[in-house]
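Colleague: Could you walk me through the ligand site?

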Amino acid sequence: MTQLVWFRSDLRTRDNPALWHACKHIEEGVVGVVFVTRQQWLQHGLGERKIQLLENAMLALKSELASLNIPLLILPANTFADCNQTLQRLIIQLDIRSVSFNIEYEVNERRRDIEFGRWCREQQVELYKFHDQCVVPPGEVRTKQGQPFKVFTPFKRAWIQQAEDIMAAPLPQPGPCEKNIQAPLIALINAQASLSLNTDPITASADPLWPVSEEEAHLRLNNFAYERGIDYKKLRDFPAEDMTSRLSVYLSLGLISARQCLHVALDRNNGLFSGGKPGFDCWISELIWREFYRHLLVAFPQLCKHKAFKPETEQVCWRDSEADFQAWCEGRTGYPIVDAAQKQLLQEGWMHNRLRMISAMFLTKHLLIDWRKGEAFFNKWLLDADLASNNGGWQWSASTGADGVPYFRIFNPTTQSQRFDAEGQFIVRYLPELTPLPAAARHQPDSLQRQRCGYPQAVVEHKFARQRALDAFKQTLTAADAGDNNDE
Ligand SMILES: Cc1cc2nc3c(=O)[nH]c(=O)nc-3n(C[C@H](O)[C@H](O)[C@H](O)COP(=O)(O)OP(=O)(O)OC[C@H]3O[C@@H](n4cnc5c(N)ncnc54)[C@H](O)[C@@H]3O)c2cc1C
């Protein structure tokens, strides 16, 4: 019996439970399938650079699997519905009796899988589903009353208790598959592959900033764990230092798993989830934030549908200023730290976490523009774009989310800049026109300095904007909404 593995956001061969299962239950060989769903991705708001990266990661997976004697079909499909149809045809053509995949949690993806599961039952095709995105599967961390957690700190406590019980070493890469798939199947696969590539060729070209392969992901993990992790707590908030792991891109493509990251972190932290070395305690905590947002997405599917977690915040009267929004998108707000952050996003496809908070809060509080517009913009430009974490981060910053920052705690971008980029080193990396200014002036140049450097005046004055945001939120939220948050 040929086993089929359907790859999605798990483009790796190591610690991949679906692949592992197929290789362990092999009778006549294993075939992999992955879909290039360009139209669906565009509908989901992904940018071209991320799509390119996804395609590159698929090609990297193809060559990794080839070394295991497992062919990978990279098939085009416009939508998720098309994936199901194509796969069903293929399963019938190849007489496949067993399929395995790792579960995706977003609403459209779940709908696709429910449909596919129904078809498999009807056709008596065995279907094996696995959790690979979280260390503790969503839905399994609950309050004593059996409810999902809405606040991070108690979630983290409960999560650690469970993770301690179930945390096992990551699965290794399966050994090379000794059973070849039969010749007629190969012919069918080749025909299918060339047909699909004719209709939608993959034009992969490497992104020099983000080489995609499992090997690269592990290099970055080890490099972080052995060189920078120890100082993570002390230095992670300073964007010029580049002290974070930059693994989010690799996690979002599934080139590395959260369990693999956690495993290395635990190894460096004397096996402790917390109470070990501050750098690793803190990094593990960030990985748990990632889990928290995924658990929320599953427990509250309205988060996938552009809804605020706190329904009352739907009453906030957001401003509809296209000019201000464009200034923010393009890094022309006249607030250097915000503009440098936006330039980093546009140039690198990634933004430092501290800056994501500053920039998101600036858009939603200073400009009072709906968080959904910012979320969509980040989703288009971030190479680590991930619905759960992006939505979580935006709703945290906009004070509309579970355990979001209290609405009255509005970051002052200039103070944040002075605190986290004291010398303005990060600012001038992305706004070289401000280099001639003394460090102290880079955070908030005066009018004359702006003119001389060709740098725009501020789109809005801080005190005025702060008060405007407070007034807009006061009507819908109360001070009692203050909660635990990740802005230490
Ligand atoms: C407005 C906003 C939008 C965001 N959008 C995304 C997104 O689309 N995709 C994404 O992966 N992260 C997002 N984040 C979370 C965070 O900013 C990034 O995960 C982090 O900056 C990635 O850099 P790193 O890999 O160097 O992280 P590290 O600091 O090295 O952390 C390790 C890993 O922990 C996870 N992590 C760290 N911080 C957070 C956090 N606050 N929330 C959830 N997970 C976290 C990430 O998977 C990260 O790779 C967003 C945060 C905000 C405030």
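Modeller: Let me start with a term: a polar contact is a pair of N or O atoms within 3.5 Å. With that in mind, a polar side-chain atom of Glu286 lies 2.9 Å from a nitrogen atom of the ligand, and a polar side-chain atom of Asn390 lies 3.2 Å from a nitrogen atom of the ligand.

Colleague: How far is a backbone N or O atom of Arg246 from an oxygen atom of the ligand?

Modeller: That distance is 2.6 Å. This is a predicted model, where local features need pLDDT of at least 70 and side-chain atom pairs count only at pLDDT 80 or more, while totals for chains, interfaces and linings use all residues. Residues are numbered from 1 along each chain as its sequence is written, and side-chain values use heavy atoms, with hydrogens and water left out.

Colleague: How many residues surround the ligand?

Modeller: There are 29 residues around the ligand, and the closest are Tyr232, Thr244, Ser245, Arg246 and Asn353; a residue counts if one of its heavy atoms lies within 4 Å of the ligand.

Colleague: Which element gives the most to that shell?

Modeller: That is α12, with 6 residues, where helices are DSSP runs (H or I, at least four residues) numbered from the N terminus.

Note on methods: A polar contact is a pair of N or O atoms within 3.5 Å; within protein, one must be able to donate a hydrogen and the other to accept it, and residues adjacent in sequence count only if both atoms are side-chain atoms. Helices (H or I, at least four residues) and strands (E, at least two) are DSSP runs, numbered from the N terminus.
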